[in-house]
Amino acid sequence: MNSIDQLQEAEQALLEIFYGIDTQVKQNLQRVLNAFRHHRVGAHHFTSVSGYGHDDLGRETLDQVFAEAMGAEAAIVRVQIVSGTHAIACALYGVLRPGDEMLAVVGSPYDTLEEVIGLRGQNQGSLIDFGIKYRQLELTSEETLDWQGLSTAVKEDTRLVLIQRSCGYSWRPSLSITDIEKIIKIVKQQNPNTVCFVDNCYGEFIETQEPTHVGADLMAGSLIKNPGGTVVTAGGYIAGRADLVEAAACRLTAPGIGSEGGATFDQNRLLFQGLFLAPQMVGEAMKGTYLTGYVFNKLGYPVNPAPLAPRGDVIQAIKLGSAEKLIAFCKAIQQYSPIGSYLDPVPDQMPGYESKVVMAGGTFIEGSTLELSADGPLREPYIVYCQGGTHWSHVSLALQAAIEAVGEA
């Protein structure tokens with residue numbers, strides 16, 4: 001069976017799942033529209049304030065709309081946030097103080113957080129440099145969360161629990177909202193004062209609720225991922241309890257300024273529009289992950305999540321088994337990208353990553369992972385992580401080339 005036939009078979013098999021995704025998109029869009037209507041968003045909110053950015057009505061209204069859509073008490077949405085890692089770092093530095101302990105409950109954090117914590121690098125002002133203790137609850141031998149270990153893991157000085165929703169560069173399942181709610185309940189039973197913080201990158205609008213709907217105290221993410229709807233050019237967000245959001249804002253700007261400053265550089269319209277588009281764009285990306293998982297499972301490759309399993313994020317992992325196949329896969333995706341299709345991805349060091357990474361990212365916004373991209377670290381067992389896709393038909397076209405590039409397992 002050739003690649004076109006394989007994809008057509010997959011598309012037919014997934015029709016019912018695709019319909020379910022469309023129904024969920026409608027529910028999420030309803031929630032976003034309710035927030036827009038409640039806060040009476042109008043064209044006057046698209047204007048920006050220069051300089052310090054004081055009294056920016058558009059920015060202040062966007063914060064309120066975003067918070068309501070995310071089920072949070074407060075939020076900051078800022079173009080000054082460089083990445084998801086930066087948003088997470090602001091939240092961690094805002095909450096934690098010398099002598100506090102941070103506990104990661106889903107094994108090792110994403111590569112780019114290792115230097116923030118202080119697991120790699122020295123004297124750069126990491127959390128450990130500032131006297132913050134770090135501990136992590138390892139995954140089980142089946143690479144799942146250790147629920148039994150979690151039930152006794154929280155201590156008196158555990159100020160914050162880090163819950164990474166997405167699988168990152170691992171093979172564990174990404175967390176569902178039900179999983180996150182269960183983690184929070186177990187943590188709060190042990191220490192009600194422990195802050196439950198969710199790294200929500202890649203997870204926004206995957207389900208009809210967000211972590212802050214089910215008890216998360218704080219969460220953060222990137223606008224060039226899900227909530228930017230593929231049109232926001234830069235930035236990130238932090239949402240949750242009002243006092244914790246403000247503490248994080250003080251780390252982004254400075255104490256005394258907090259959420260009151262920061263020019264928006266005439267980006268308010270795109271920020272509002274990105275949030276409006278996000279449920280639909282995430283739905284298309286989810287369809288792409290199902291399609292990718294289905295066809296590569298049929299080719300004999302281990303895939304995570306399983307072909308028909310519910311999704312926890314917009315990432316589909318495929319265990320390709322060799323550096324050659326990892327590079328070939330990324331080259332095929334790059335060739336079917338709208339931008340830079342003539343380029344060949346080459347493994348190289350990237351800021352914040354321990355291993356060399358090969359990355360296909362022919363996206364309109366550099367580094368956007370809600371647009372179609374694929375990447376993976378050059379290390380055993382050579383897993384490629386596919387994410388995003390503005391429409392599943394583009395994913396299908398790119399997969400034709402990827403199937404032909406790597407063949408059967």
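Trainee: How much space lies in the second largest cavity?

Mentor: This is a predicted model, in which local features need pLDDT of at least 70, side-chain atom pairs count only at pLDDT 80 or more, and totals for chains, interfaces and linings use all residues. Residues are numbered from 1 along each chain as its sequence is written, and side-chain values use heavy atoms, without hydrogens and water. On a 1 Å grid over the protein atoms alone, a cavity is a set of points where a 1.4 Å probe fits but cannot get out, and lining residues have an atom within 4 Å of a point. With volume taken as the space filled by probe spheres set on the points, which are joined across faces, edges and corners, the second largest cavity holds about 30 Å³.

Trainee: Which residues line the second largest cavity?

Mentor: By class, its lining has seven nonpolar, one polar and no charged residues, where Ala, Val, Leu, Ile, Met, Phe, Trp, Tyr, Cys and Pro count as nonpolar, Asp, Glu, Lys and Arg as charged, and the others, Gly among them, as polar. The lining of the second largest cavity consists of Phe66, Val77, Leu223, Pro227, Gly228, Val232, Leu271 and Leu275.

Trainee: What volume has the largest cavity?

Mentor: Its lining includes Gly288, Cys386 and Leu399, and divides into six nonpolar, five polar and no charged residues. The volume of the largest cavity is about 80 Å³.

Trainee: Which residues lie nearest the centre of the largest pocket?

Mentor: A pocket is an open set with protein on both sides within 12 Å along at least five of seven lines, and the largest has a volume of about 1,100 Å³. Of its 44 lining residues, those nearest the centre are Ser83, Thr112, Met350, Pro351 and Tyr353.
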